[in-house]
Amino acid sequence: ALTLDSSQDATFAGDVTVGNEITLNRVAGSYSSTLSVSSGNLITNVVGASAAFIVKTGGSNTLTLDSSQNATFVGGITTGATININNPASDKKISFDRTGGVSMSIEHDAASMYFYNETDSVTMFKMTNAGSATITGDLTVSGGDITLGGTGRIQGIDTVSSNTDAANKAYVDAAVAGVPT
């Protein structure tokens, strides 16, 4: 059954099936057109003046798509598949903005992947597409083993100051110089 009130608002009793699309025309003087679905408290709001598409649940915005095609989610994003960030015109970036803390990002350009401290403008970790890695700051290996898989070398070893320190070449050369042959 269809009921039409004095304002020409229609109320349907039962299901409404649409074959192709629903077109919402905004009322003169209004900046939005709203499609409300009472089942599940879902309200979809198309806002013309700000050029945004807003999805609401329980009366609160949960997803906003703005005119620049940026999406803002109020809650978390959960997926059972892959999230692809694919913009061929620019570098890729995922930002983690923290109120009162350090903001971080994971970035990828044509040559490398980066973990970046946005607050202090510091690249903390960089791995090139060829597999070389650079770490800014200290590296702690909790497992206890460091294995070189090739013929690489460890450089920049400081002067020995503890029995558990690795020795550099100068230290070893000086130590064995006094040993009789």
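Me: Strands are DSSP runs of E with at least two residues, numbered from the N terminus. With that in mind, where in the chain does S103 lie?

Reply: The model shown above is predicted. In it, S103 lies in the loop between β8 and β9, the latter covering residues 104–108.

Me: How many helices and strands does the chain have, and in what order do they run?

Reply: The secondary structure comes to one helix and 12 strands. Reading from the N terminus on, the order is β-β-β-β-β-β-β-β-β-β-β-β-α.

Me: Is S103 buried or exposed?

Reply: The general idea is that a residue counts as buried under 20% relative accessible area and as exposed over 50%, with partly exposed in between. S103 has a relative accessibility of 14%, and therefore counts as buried. Of the 181 residues of the chain, 8% count as buried.

Me: Which residues does S103 touch?

Reply: Contact means heavy atoms within 4.5 Å. Leaving aside residues up to four places away in sequence, S103 touches F96, D97, R98, Y116, N117, E118 and T119.

Me: Which residues form a salt bridge at 2.7 Å?

Reply: The side chains of K169 and D173 do so, N to O. These residues are four apart in helix α1, which spans residues 169–177, so K169 and D173 are separated by about one helical turn. K169 is exposed, with a relative accessible area of 61%, whereas D173, at 37%, counts as partly exposed.

Me: How many aromatic pairs are found in the whole structure?

Reply: A pair of aromatic rings is described by the distance of the centres and the angle of the planes. A search of the whole structure finds one pair. The rings of F115 and F125 have centres 5.8 Å apart and planes at 70 degrees, so the arrangement is edge-to-face. The pair links distant parts of the chain: F115 belongs to strand β10 and F125 to strand β11, 10 residues apart. F115 is partly exposed, with a relative accessible area of 36%, and F125 counts as partly exposed at 24%.

Me: Which residues other than glycine have a positive phi?

Reply: Most residues other than glycine have a negative phi. Q8 has a positive phi of about 70 degrees although it is not a glycine, and S121, also not a glycine, has one of about 55 degrees. Q8 is found in the loop between β1 (2–4) and β2 (10–12). S121 lies in the loop between β10 (112–117) and β11 (122–128). Q8 counts as exposed, because its relative accessibility is 56%. S121 counts as exposed as well, at 53%.

Me: Which residues make the nonpolar surface patch?

Reply: For a patch of this kind, residues must have over 30% relative accessible area, and nonpolar side chains are joined within 5 Å. Here F73, I77, I83, I85, I94 and F96 make a nonpolar patch of about 570 Å². One of these, I94, is found in strand β8, residues 92–96. I94 counts as partly exposed, because its relative accessibility is 37%.

Me: What is the accessible surface of the chain?

Reply: The accessible surface comes to about 14,700 Å², and 51% of it belongs to carbon and sulfur atoms.

Methods: Residues numbered from 1 in each chain as written. Predicted model: local features only at pLDDT ≥ 70, side-chain atom pairs only at ≥ 80, totals over all residues. Heavy atoms only, no water. Patch = residues over 30% accessible without salt bridge, like charges linked within 9 Å, V, L, I, M, F, W, Y side chains within 5 Å. Areas by Shrake-Rupley, 256 points an atom, 1.4 Å probe, with all protein chains shown as cover. Salt bridge = Lys/Arg side-chain N within 4 Å of Asp/Glu carboxyl O. Buried < 20%, exposed > 50% of the residue type's maximum accessible area, 1.4 Å probe, protein only. Phe/Tyr/Trp six-rings, centres within 6.5 Å; stacked < 30°, edge-to-face > 60°.
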